[in-house]
Amino acid sequence: MLTYVYRITKYDHADRDEQGRYSGPEDTVSDHGEVEAACLHAVAAFAADTGVDHLAVREPQVPSLTHFGVEPAVAGFGLAELFPSGLAGFHDGVQVPLDSALELVRVMLRDNGAWCRLEAEGSFAVHVGWDQYLYISSSRPCEEALAVTRELGLFPERLDVSPYAFEAEEAEHQYIQRPADDDFWADLHRAVVAGQAGILEETYLEGASRWHHLTGDTLGPVRAGLAPRARIAVWPPLSTDIAAVLRSLPADGLVEGVWQDDEGLIHSATVDEDTFPELAARVSGARAATLLSVYAGERVPLCTAVMTDDDGVLRARWRTEPTPGDRDWARRQA
């Protein structure tokens with residue numbers, strides 16, 4: 001944990017009540033102008049004071065992409081200019097120069113949809129909270145940056161810890177996270193060949209996922225194409241009995257439909273009772289399909305894992321929800 005943590009806002013302390021609630025004239029959205037520029041200048045000053053010029057994206061997220069008819073408020077969640085490859089370039093662990101990091105802070109200040117922590121391990125961190133609250137942590141006191149921040153008309157205050165700092169699971173709830181290493185893929189190959197596993201869900205960002213059809217021949221290309229540090233979940237094969245799948249639609253509530261089209265591609269959509277007919281129309285012409293619950297405790301894949309880095313080390317901090325199969329694997333490691 002970094003020693004020096006600051007909350008930086010545009011809200012004058014004189015306009016706060018005894019409980020710290022702000023009642024002044026400042027709006028809770030970005031002005032896209034001088035105040036926003038001041039916030040970015042402050043981040044740059046703290047980074048310079050700390051001596052960092054690159055930051056890593058950690059735990060990136062976007063709003064869910066699975067509902068029919070939902071368009072993002074800003075095309076590409078404000079990331080199009082930063083990542084020419086699109087969302088594929090916005091992944092956990094990617095290193096970005098400070099100028100790009102500042103643009104990511106701008107995206108978060110404007111609430112364009114994308115969010116992440118930006119960090120230089122052991123020395124610096126910055127992230128944006130609700131209502132334009134900016135949190136900066138450093139291994140150094142950053143006295144010059146604090147002075148610059150005040151000159152910019154912003155209000156820094158010292159904290160013990162940022163409320164948005166990453167929190168590891170408490171010891172009593174910890175489990176061994178299975179890495180998607182060579183052993184995992186060997187086990188998965190056996191499960192696919194045996195007909196036990198058939199599709200793979202890749203969560204490449206929090207809030208965004210894609211699906212892959214698994215066969216003995218496609219397993220290698222699927223593995224090679226997964227996003228760095230993605231979370232993956234393995235499911236049984238899709239059913240070719242489309243009529244039975246459609247009969248299993250619930251009377252109401254949310255459900256995720258997953259289906260394979262004539263070209264072999266896997267699609268998914270999360271729908272409620274108002275859009276069941278649209279899902280049924282799409283699934284009726286599919287090769288194979290299934291329905292999955294979206295509710296905690298009811299959505300249980302065969303197994304899960306998190307992608308390792310190229311050197312085989314698991315550095316992603318986010319975790320999958322352990323399945324019975326994951327717990328069996330963890331017990332074998334003890």
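Residues are numbered from 1 along each chain as its sequence is written. Because the model is predicted, local features need pLDDT of at least 70 and side-chain atom pairs count only at pLDDT 80 or more, while totals for chains, interfaces and linings use all residues; side-chain values use heavy atoms, with hydrogens and water left out.

## Overall content

The protein chain has eight helices and 15 strands; helices (H or I, at least four residues) and strands (E, at least two) are DSSP runs, numbered from the N terminus. The C-alpha trace spans about 65 × 45 × 40 Å along its principal axes. Of the 334 residues, 46% count as buried, where buried means under 20% relative accessible area, exposed over 50% and partly exposed in between (1.4 Å probe, protein chains only). Among contacts between residues at least 6 apart in sequence, 72% join residues at least 24 apart; a contact means heavy atoms within 4.5 Å.

## The seven-stranded sheet

An open antiparallel sheet is formed by seven strands in the order β3-β2-β4-β5-β6-β1-β7. Each of β3 (95–97) and β7 (155–159) has a single partner strand and stands at an edge, so one side of each is left without a neighbour in the sheet. Neighbouring strands here are turned by 25 degrees against each other on average, direction ignored. Axes are lines fitted to C-alpha atoms, for helices over the stretch in contact, and angles run from 0 to 180 degrees between N-to-C directions.

Strands β1 (residues 4–9) and β6 (residues 134–138) are antiparallel and pair over five bridges; two strands pair if DSSP finds at least two bridges between them. In this pair, Arg 7 stands opposite Tyr 135 of β6. Helix α1 (residues 34–50) packs on the sheet and touches β1, β5 (124–128) and β6, with its direction at about 5 degrees to that of β6.

Strand β4 is mostly covered, with six of its six residues buried. Trp 115, Arg 117 and Glu 119 are buried on one side, and Cys 116, Leu 118 and Ala 120 on the other. On its pairing with β2, β4 has four bridges in the antiparallel sense, and Gln 61 stands opposite Trp 115. Between β4 and β5 there are three antiparallel bridges, with Leu 118 opposite Val 126. These two strands form a hairpin with three residues between them, and Gly 122 in the turn has a positive phi of about 80 degrees.

The hairpin of β9 and β10 has two residues between the strands, and Gly 207 in the turn has a positive phi of about 100 degrees.

| Pair | Bridges | Partner strand |
|---|---|---|
| β9 and β10 | six bridges | residues 208–213 |
| β9 and β11 | five bridges | residues 231–235 |

Leu 205 stands opposite Ala 208 in β10, and Leu 200 stands opposite Val 234 in β11.

## The three-stranded sheet

Three strands form another open antiparallel sheet, in the order β13-β12-β14. Its edge strands, β13 (266–271) and β14 (288–292), each pair on one side only. Five antiparallel bridges join β12 (residues 255–260) to β14, where Ala 288 is the bridge partner of Gln 260. Helix α7 (residues 276–284) lies across β12, β13 and β14 and runs at about 15 degrees to β12.

## Nonpolar cores

A nonpolar core is a set of buried Ala, Val, Leu, Ile, Met, Phe, Trp, Tyr and Cys residues joined through side-chain atoms within 4.5 Å. The largest has 66 residues, and Phe 90, Leu 104, Leu 118, Trp 185 and Leu 188 have the most contacts inside it. Not counting residues up to four places away in sequence, Leu 118 touches several residues, including Leu 55, Val 57, Val 96, Leu 104, Met 108 and Phe 124. Apart from this core lies another of 13 residues, among them Val 271, Phe 276, Val 283 and Ala 289.

## The second largest pocket

The second largest pocket has a volume of about 620 Å³. Of its 24 lining residues, Glu 119, Glu 121, Gly 122, Ala 125 and Arg 317 are the closest to its centre. Strands β2 (54–61), β4 (115–120) and β5 each supply at least two residues of the lining. On a 1 Å grid over the protein atoms alone, a pocket is an open set of points where a 1.4 Å probe fits, with protein on both sides within 12 Å along at least five of seven lines, and lining residues have an atom within 4 Å of a point. Grid points are joined across faces, edges and corners, and the volume is the space filled by probe spheres set on the points.
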